[in-house]
Amino acid sequence: MGPDWKPPACTGWAETGFTTLVTIAARFPHSSEAGSLLRHIAAISELAGMRYWSTTHKQWRTLIVDAYALTGAQSGQRREDFTSDEMKEGKVLYFEQIDNLSGKTTYRMHVVEASASRLVFDIENVSTIRYFFVPVLHPGELQSMYFLDRESDNVWRYYSIVRTGKNANGLIAGNESSSINRAVAFYRHLVGIPTTREPPGAR
């Protein structure tokens, strides 16, 4: 774990190293097959209003102000949420998200695997992420990957890995608690746990 860290082969990431790296491993109750999870992932607009614990302000705050699916990689080409039929293995989809701090960013989502008992997808920014108009992450420097596997009739396993590239601007370096809380918020949203449930991932 350091500047020469090599990502696991399963991620498909080529660049070595990182500025921040957050992983989450969990189990959650879910009695259905992957279809309902796929529909939830596809509902990009439901990300709007997601909250997280801000370590700076010491309170629960809105993380994602707005979010919507796009017809392609071009910013502003809004459309309705993706459908389950679009969440096919190998499919590449685009969406836009307005963050409480960094504003509007376009993301690419790639569905790596999609079966009744396993879902794998990855997300990365395709536009520059800015903090107070200063570029902090260039395209491809914020990457995340999610693995969901059915363990039994009523339990699924969840694993995620989120990385900011080793060339990230120093403005976002060293704030590991914020990265953890953002990753936890997405996990809670995905599996149906209130995102503001105490305790937060990190204080």
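The model is predicted, so local features are given only where pLDDT is at least 70 and side-chain atom pairs only at pLDDT 80 or more, while totals for chains, interfaces and linings use all residues. Residues are numbered from 1 along each chain as its sequence is written, and side-chain values use heavy atoms, with hydrogens and water left out.

Begin by selecting the eight strands that form an open, antiparallel sheet in the order 1-12-11-8-7-6-4-5; strands here are DSSP runs of E with at least two residues, helices are runs of H or I with at least four, and both are numbered from the N terminus. Two strands are taken to pair if DSSP finds at least two bridges between them. At the edges stand strand 1 and strand 5 (78-79), each with a single partner strand, so one side of each has no neighbour in the sheet.

Next, select residues 142-150 and 155-164, which are strand 11 and strand 12, paired in the antiparallel sense over nine bridges. Within this pair, Leu-148 stands opposite Tyr-158 of strand 12.

**The hairpin.** Move to strand 2 (residues 51-54) and strand 3 (residues 59-62), an antiparallel pair with four bridges, in which Trp-53 stands opposite Trp-60 of strand 3. Four residues lie between the strands of this hairpin, and there Lys-58 takes a positive phi near 55°.

**Thr-20.** Finally, return to strand 1 (residues 20-29) and select Thr-20, which is buried at a relative accessible area of 6%. Leaving aside residues up to four places away in sequence, Thr-20 touches Val-162, Arg-163, Thr-164 and Ser-179, contact meaning heavy atoms within 4.5 Å. The side chains of Thr-20 and Thr-164 make a polar contact (2.7 Å), that is, a pair of N or O atoms within 3.5 Å, of which, within protein, one must be able to donate a hydrogen and the other to accept it, residues adjacent in sequence counting only if both atoms are side-chain atoms.

How values were computed
Buried < 20%, exposed > 50% of the residue type's maximum accessible area, 1.4 Å probe, protein only.
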